[in-house]
Amino acid sequence: MFSRILFKSFTINLRRKLMAIISIAMGASLIVVMLNLWLDVGDKLGKELKSYGSNIVVKPKSQALPFDIGTDVDPLEGRSFIDESDLLKIKTIFWANNIVAFAPYLETKVKIDGKAYPVIGTWFNKKLVIPTGETIHTGVKAVKPWWEVKGSWISEQSKKSQGSALIGQNIAKKLDLKPGDSLPLIYKNNNYNLRVSGVVKAGGLEDTKIYVRLDKLQKITNLAGKIGWVDVSALTVPENELARKYEKNPDSLSSTEFEKWYCTAFTKSIAFQIEEVIRGSEAKPLKQVADSESFILNKIQFMMTLLAVLAFVSSWLGVWSLMGAGVLERSKEVGLSKAIGASDLAIIALFITEASLVGLIGGLVGYFAGSGLAQLIGYNVFGRAIDIKIAVAPIAVMISVAIALLGNLSIVSTIVRLKPKDILHGA
Amino acid sequence: MAHNKKISMFFHMLKGAFFRRRTRLVIVLLSITIASSMVSGMSTLYADINSKMEKELRTYGANMIITKTGKKQISLGQTEAIKKYFKKDKLVGFSPYLFGNVDLGEDRFIAVGIDLNNFKKVNPYIKLALKGGSYRLNDKELLIGKNVSINTGLAPGDIAKIKENREVLKLKVSGVIESGGVEDDQVFIKTAELQKLSGLNSSADVIYVSYIGKQNTLQSIAKKINASHPSLEAKIITKISKSEGSILQKITSLVWLVVLVIFISTILCVAATLMSMIFERKKEIGLKKSLGASNTDILFEYISEGSALGFIGGILGWLLGNVLAQFMSESIFNSAITIRLFTLPLTMFISLVIAGVSSIFPARLAFNIEPAVVLKDE
Amino acid sequence: MNDFNSVILESVTKSYGEVKAVKNMNLRIKKGEFVAIMGPSGSGKSTLLNLIGCLDKPTTGKIIIDGEDVTSVKSRKLTEIRRDKIGLIFQQFHLVPYLTALENVMLAQYYHSMPDALEAKEALAEVGLLDRINHLPRQLSGGEQQRVCVARALINDPILILADEPTGNLDEKNEEIVMDIFKKLHMEGRTLVLVTHDVEIGKMTQRRMYLEHGALITPDHFASHHSHLIKD
């Protein structure tokens, strides 16, 4: 009998129910959109921020990074190096999946036309097979995505490209060189003839350097298998209390805290893990990129939180006022039911069941609509799909049912106090 | 005289509709106010987001670099001339660097002559290393990079003997700084003192600039500088500027879309509420029609009610929206919003449209109401 | 001849699809008459009232109100005629909930010509509500609300007053008050048509018409078939 009454009561004022479901669906879809975005924006934005380049620099312990202001000092004299064979291990650390790209460097000076110029040996876009069997491509192209190359990049495979060089635009201007020209240079009294394959427009100090394949420079300098330093570009999460605690004093962390720190993708913990696999190395976050990234991500996440709260409040208010608007109509039904002899409990039970149904349907519709909308936004802004988290579905439904119930709450209390005769004899 | 009576009765009815239907009124007014505050708040926020985010992205530091093309260093006069090309309110930092090679104990280090305030502004991410000390550079003081401190064993408070060629300076280490980059291997002193040490009186080898602006703006400034100072080369630090443009665009479109979604959803909810409330007044409409009201009379009455509500709700909502936007701006960007005048007509327009449409739509349905049918409702 | 009749119905039929609510009705109501239209529910009395009250148009036949043929006039014109010539009172007292008694009466004036607070006051005084003119409907008893409706119905000086079960929702005391008002109006020479199923009410009128299934029947026919409606 109850189900018959419920069915009748539900379908009788279908238009009103439909409006309630639609408005709850709208409120729910708004919440779903905000939740999805809130959960995913950090990841997506983090990937975008990789355009700023590497955030971790790996170098031999207590070795200074090269900085040239035009002296005659040989950058390679008395230096220690990193083993190239250790590089692959970067992709085996706990946070291997967060390592987006890395590039090794070896720098020295050569003489061209009697003047000294810096030369860097590196990977441009090297194909690697890492211990897990996966094939990856990494190198300067991935680590410095802002580089513009006129001409062509240097291929890692062909034998011919061993003699190629990418020259910074400043050097190209100075020596009046363009792609295809030959570039004769002298290193420690040995003559080499390189060919300019491309001109790099980097918009920074790189414009003043010459880039060749790492293996070529290693041959020239007789430093096979050695690397000066490595740039690593990793996806990280912003700093929080735990990260700051480690910064202040690494030993202050308990073993559980340390495990948590290790298993969180902070820049420092990823750097720590890199140090573990590359012998004799020191991996440091490049503050310019790492700290700024953290700062920006925190700010955006905070902004999304505020917007989400705002969205939630406004949708709740909107739905609540819609529910409130329907009070009078329901009162008559209730008065009649009461006059017929329905108990307060029965009426309340009916309302609760109805509200739950409306909330459930509205919540589900809202979930699908909201997920679709979130995807649209994701594609529009980031060119990629949002990671839809299933956990959002039950949350959306629960909130919808709660809103539907709360919306009816005031009605229920009014109803319980109502006397049938008031309804039936009033106009 | 005759017309006045009718008009005053009309306003009587309007007033009655407003003040004697309290809960109804509160709900409707609240709905319109919420919708309007979303319009006003979100549009103010969106208008500001671009410039506020641009400012925040300066946390990455310098986006422009000016170098010398030959051996001749940059003079003080040139430095001052170049600075004029940048708008004051958009210039976050302008820091000339003078380089030198110095001996500290047994090791050689690169010394950078700076003005610390300017240095901080173009390198906002550089902080004091844990060794402490203070991040300051007074006369006869020295800031050293973390690795320098490790290599030489110097700590804040120690006196260091710096030598270049034959000149020697005794400086006190004020602090140890850390960047993770080349600064960790360098020492920093006041420009004047480096000039004394090296015997040169030039102002800088390089100038780093942190400026709020898009790539095109920076490029045009660089062009102007290069044109008027051939011994200098002004360049955009592509890595910073290019990324900034792309990130900014993504964040702005994200905010825009979210704002739009909140906007539309609220407005729809509100319109639905208003419409359902008017459906309730079927009886009233039937009654008025039985008394001789025409469809036009009914339409006019409801539109007037709707407009009055839209007007009041619009103003309240506009104010509330600005309060909301201010709150968000303060919490996220630590800065105040600029109250933008265009949001007022926009808010009023949308609020009147919502109220109007929500009134007209059911009122038009009222056209079909037969007084007889409604009045016989039992 | 027509000058003597407020209402003339000639062969009027009103159909709703297959169902004929009023069948081929012919009736006349003279000026100043106090008539009751009686019948059980479903007899078509409400439909008949709607037709006379210019709230509805006949499917076939002719209706003449106060000498004017209203059979096929445009809706707008019908509204005008109703507004100018007819006062309506319903069983459910329809008042605008947010207007006072005075304003509710003035509402009728507003749509007719010009709101006149003084006249409205007088009308309310006539029904004995002078001390209640600024009350809202929710502050008035059922009987008082109905009396406001009566005052409203009178305000435009209609030639015809139609009441559909006006005392149906009232208790005995208020019923008496309202019927007294009707009697007074009749004395003043107004034409009144009352729809009721209550025989006692019917007895207070001047002439009674009986309806069954949309057609007029004789009093005896009515008595024999609807004895259950006759109160003891």
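Two residues are in contact if their C-beta atoms, placed from the backbone, lie within 7 Å. In chain B, 84% of the contacts between residues at least 6 apart in sequence join residues at least 24 apart. The model is predicted: local features need pLDDT of at least 70, side-chain atom pairs count only at pLDDT 80 or more, and totals for chains, interfaces and linings use all residues. Residues are numbered from 1 along each chain as its sequence is written, while chains are lettered from A and ligands numbered from 1 in the order in which they are written.

Chain B holds 12 helices and 10 strands. Both are DSSP runs numbered from the N terminus: helices are H or I with at least four residues, strands E with at least two. The radius of gyration of chain B, taken over C-alpha atoms, is 34 Å. Domain bounds come from an automatic or database assignment. Domain 1 of chain B covers 2-55 + 247-375, and domain 2 covers 63-236. The centres of these two domains, taken over C-alpha atoms, are 58 Å apart. A residue is buried if 20 or more other C-beta atoms lie within 10 Å of its own, again with C-beta atoms placed from the backbone. By this count, 48% of the 378 residues of chain B are buried.

The contact between chains A and B takes 57 residues from chain A and 54 residues from chain B. On the chain A side, α9(A) supplies the largest share, 23 residues.

A nonpolar core is a set of buried Ala, Val, Leu, Ile, Met, Phe, Trp, Tyr and Cys residues joined through C-beta atoms within 7 Å. The largest such core has 192 residues. A:I56, A:V58, A:I274 and B:V187 touch the most other members. Leaving aside neighbours within four places in sequence, A:V58 is in contact with residues including A:W229, A:I274 and A:A283. A second, separate core of 76 residues includes C:A21, C:V22, C:L51 and C:L88.

In chain C, helix α4 (residues 117-126) has C:A120, C:A123 and C:L124 buried. Seen down the helix axis, the buried residues of α4(C) fall within an arc of 95°, so they line one face. The arc is that of the directions from the helix axis to the C-beta atoms. Their cover includes α3 (101-112) and α5 (142-154) of chain C. Just after α4(C), C:G128 takes a positive phi of about 80°.

Technical notes. Rg over C-alpha atoms; globule rule 2.2 N^0.38 Å. Buried ≥ 20, exposed ≤ 12 C-beta atoms within 10 Å, placed from the backbone.
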